[in-house]
Amino acid sequence: MEFQVLDSSPSKSTTSHVLVIPYPSRGHINPMMNLSKLLVSNSPNILVTIIVTQEWLTLINTEPKPDNIRFETIPNIGGDSFLNVVDAVMTQMEAPVEELLDRLNQPPPTFIIYDAFLFWAVGVGNRRNIPVAAFWTSSTSELWVQFFHIFLQGKHLAENGDTLIDYIPAKSWIHLEDIPLLDQNNHQILQWALKSYQWILKAQFLLLPTIYELEPQVIDALKSKLTIPIYTIGPNIPYFNLGHNSHSLNATNDVAQSYINWLNLQPNGSVLYISYGSFLSVSRSQMDEIAAALCESRVRFLWVTRDETSRLKDMCGEMGLVVTWCDQLRVLLHPSIGGYWTHCGWNSVIEGVFAGVPFLTFPLAMDQPLISKIIVEDWKVGWRVKKDDKLDTLVTRDEIVVLIRKFMDLDFDIGSDLRKRAKELQLLCQGAIKKGGSSEINVRAFLKNVMQSGLTYEGSNGL
């Protein structure tokens with residue numbers, strides 16, 4: 001298939017100025033950056049301003065982007081723990097964003113797209129009569145179960161984790177224990193989530209980073225419950241950076257060239273790609289079990305890990321590579337990749353679906369157990385590494401060896417079924433972004449609202 005290449009030339013006439021407000025973390029900034037690139041590629045007269053903290057600007061400012069996407073910064077927002085960071089973002093970020101808005105008048109913003117967790121952004125837009133779109137950063141199923149179970153049903157946290165939730169429109173039911181947000185340990189985050197759901201109803205639009213064909217039942221159910229327009233606009237991954245050839249894997253630096261060169265030497269479908277995302281990780285003891293299993297299994301692998309790279313290299317043997325970073329989508333699209341061991345972050349999973357690879361799921365927290373359930377039970381394109389979704393469960397090397405040998409055996413009938421189904425989902429994903437596809441239609445429909453906001457603003461000022 002072909003992809004639309006972004007036009008990086010500056011636009012001659014800006015008709016709409018879109019303000020994008022992501023939650024300050026990699027898994028939230030990346031999809032909103034990709035959405036911004038998608039919008040300007042379809043309508044070059046749009047100016048997009050993305051608000052990031054100063055520390056995040058230093059991390060992402062070198063990434064290529066069109067000239068009509070720009071960054072504006074606010075002071076860093078931090079804390080000494082995950083919960084303290086969340087509290088700081090929810091209570092301290094609004095004021096500097098408001099101050100920045102007062103200075104952004106060349107031209108003034110005419111539309112706001114905000115991370116749906118940042119409930120206060122809706123109030124910012126509504127007070128200024130700027131239309132606001134909430135951008136949900138995970139699966140629609142996660143939004144449905146949290147919104148319906150917590151907000152509409154008012155369920156409390158004392159329910160047994162074995163309780164089945166049977167009102168999710170999907171192919172199978174889930175247990176409450178698959179939704180860590182409902183655990184007592186996450187009570188503080190749950191309270192913020194409740195405010196987020198309340199304010200989504202006060203936004204003017206809802207954007208879902210999914211593909212309609214992947215979650216049709218729950219998307220239809222959500223549309224029947226909410227009165228605001230809902231658009232499925234996924235995949236919000238950087239597929240447009242691949243150029244016109246989805247298998248184009250030309251490396252841009254020496255580090256990338258080394259692992260691409262190695263992948264080029266491996267047989268098709270023979271390499272297991274392993275990554276736990278950019279934030280959370282597994283315990284040291286679990287890492288040791290995985291490394292020992294990789295060495296014993298003699299399965300080819302490419303393992304991306306931020307910590308203890310040298311030690312793990314020594315443990316893993318000579319069948320693979322351990323690196324601190326890679327261009328994940330390009331790697332997943334490489335013909336030598338035969339499977340993806342993932343933490344089940346939504347962005348990463350959608351990249352795997354786009355690449356047409358089967359999954360080994362190893363969820364760590366938050367929305368990841370439910371996404372694991374979707375992969376294994378609904379889409380049927382993966383296996384669980386762990387039998388449960390508890391973070392402290394240790395999967396031993398003996399279990400892992402048996403699992404990955406079967407998973408990577410291209411002649412194994414069950415594995416063959418996984419790969420066939422994965423390719424079917426890939427076709428659904430690619431079809432959604434083609435002209436006339438579900439996501440392409442939704443992006444253009446949403447863009448009409450964005451452009452109308454710019455025309456309305458100009459009209460109100462007699463321009």
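A salt bridge is taken here as a side-chain nitrogen of Lys or Arg within 4 Å of a carboxyl oxygen of Asp or Glu. The model is predicted, so that local features need pLDDT of at least 70 and side-chain atom pairs count only at pLDDT 80 or more, while totals for chains, interfaces and linings use all residues. Residues are numbered from 1 along each chain as its sequence is written, and side-chain values use heavy atoms, with hydrogens and water left out.

| Pair | N to O distance |
|---|---|
| Arg128 and Glu98 | 2.8 Å |
| Asp378 and Lys373 | 3.1 Å |
| Glu424 and Arg421 | 3.1 Å |

Helices (H or I, at least four residues) and strands (E, at least two) are DSSP runs, numbered from the N terminus. Burial is judged by relative accessible area, with buried under 20%, exposed over 50% and partly exposed in between (1.4 Å probe, protein chains only). Arg128 is partly exposed at 29%, whereas Glu98, at 17%, is buried.

Both Asp378 and Lys373 are buried. Glu424 and Arg421 lie in helix α16 (residues 413–433), three residues apart, about one turn of the helix; Glu424 is partly exposed at 34%, and Arg421 is partly exposed at 24%. Elsewhere, salt bridges with shared partners join Glu94, Glu98, Asp102, Arg127 and Arg128 into one network.
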